[in-house]
Amino acid sequence: MKAVILAALAIGLMVPGRAIGQGAGAPEVLTNEAVINMTAANVERDLLVAKLTTTHNSFDVTVTGLINLYQGRVNQDVIKAMISAAANPKLGPPAPKTPEVLDNQSVITMVSAKLPKAVIMAKIQGTKATYDVSSAGLVSLTQAKVPSDVIQAMMAKAGGSGKS
């Protein structure tokens with residue numbers, strides 16, 4: 001009998017997405033790890049996106065967080081939904097005191113990590129930035145093999161020529 005109780009307790013502690021001591025009435029808060037776990041368990045993309053758009057979250061959608069999600073084989077549509085959900089004041093975490101600001105190196109890092117272009121574009125559109133789109137900046141971006149449509153999105157976000 002003791003073995004059955006211990007086994008049930010051990011299984012209860014290993015249930016993904018439940019923190020030890022989390023009460024049944026506590027609201028769920030999704031994390032990058034939870035999304036990676038659901039992806040690894042082959043939860044359908046549409047179900048994942050529906051979950052993301054209705055559940056509170058504490059997603060890390062920084063450049064490093066996005067790279068980790070991609071390396072965790074999370075679908076690009078799910079990652080884009082995570083970027084949107086994290087920015088939603090009703091679902092996402094409170095805004096950080098020092099928000100992430102993208103620059104040329106951030107974009108180069110995402111391109112070098114082979115993030116899907118759609119994810120890079122969503123990140124550019126949804127994040128503050130200080131891009132160097134001067135002639136020297138364009139040369140640097142081109143040499144780093146940043147696709148021209150990504151550079152054009154950076155230029156549009158910068159609002160013209162030079163630094164944004």
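## Lys117 and Asp149

In this predicted model, the side chains of Lys117 and Asp149 come together in a salt bridge, with N and O 3.2 Å apart. Lys117 belongs to helix H7 and Asp149 to helix H9 (residues 148-158), so this pair ties together parts that are 32 residues apart in sequence. Both partners are partly exposed: Lys117 has a relative accessible area of 39%, and Asp149 has 30%.

## Other salt bridges

Let's look at the wider set. The whole structure holds 4 salt bridges. One of them joins Arg45 and Asp77 at 3.6 Å, N to O. Because Arg45 sits in helix H3 (residues 45-52) and Asp77 in helix H5 (residues 76-87), the pair connects parts 32 residues apart in sequence. Arg45 is partly exposed at 40% relative accessibility, and Asp77 is partly exposed at 31%.

Another salt bridge forms between Glu100 and Lys123, whose closest N and O atoms are 2.5 Å apart. Glu100 is partly exposed, at 24% relative accessible area, whereas Lys123 is buried, at 3%.

Now for a residue in a loop: Leu115 is found between helix H6 (104-112) and helix H7 (117-126). With a relative accessibility of 6%, Leu115 falls under the 20% cut-off and so counts as buried.

Which residues does Leu115 touch, leaving aside those up to four places away in sequence? They are Leu66, Ile67, Tyr70, Met110 and Ile120. Leu69 is 46 residues from Leu115 in sequence, yet their C-alpha atoms are 9.6 Å apart in space.

Notes:
Residues are numbered from 1 along each chain as its sequence is written. This is a predicted model: local features need pLDDT of at least 70, side-chain atom pairs count only at pLDDT 80 or more; totals for chains, interfaces and linings use all residues. Side-chain values use heavy atoms; hydrogens and water are left out. Helices (H or I, at least four residues) and strands (E, at least two) are DSSP runs, numbered from the N terminus. Buried means under 20% relative accessible area, exposed over 50%, partly exposed in between (1.4 Å probe, protein chains only). Contact means heavy atoms within 4.5 Å.
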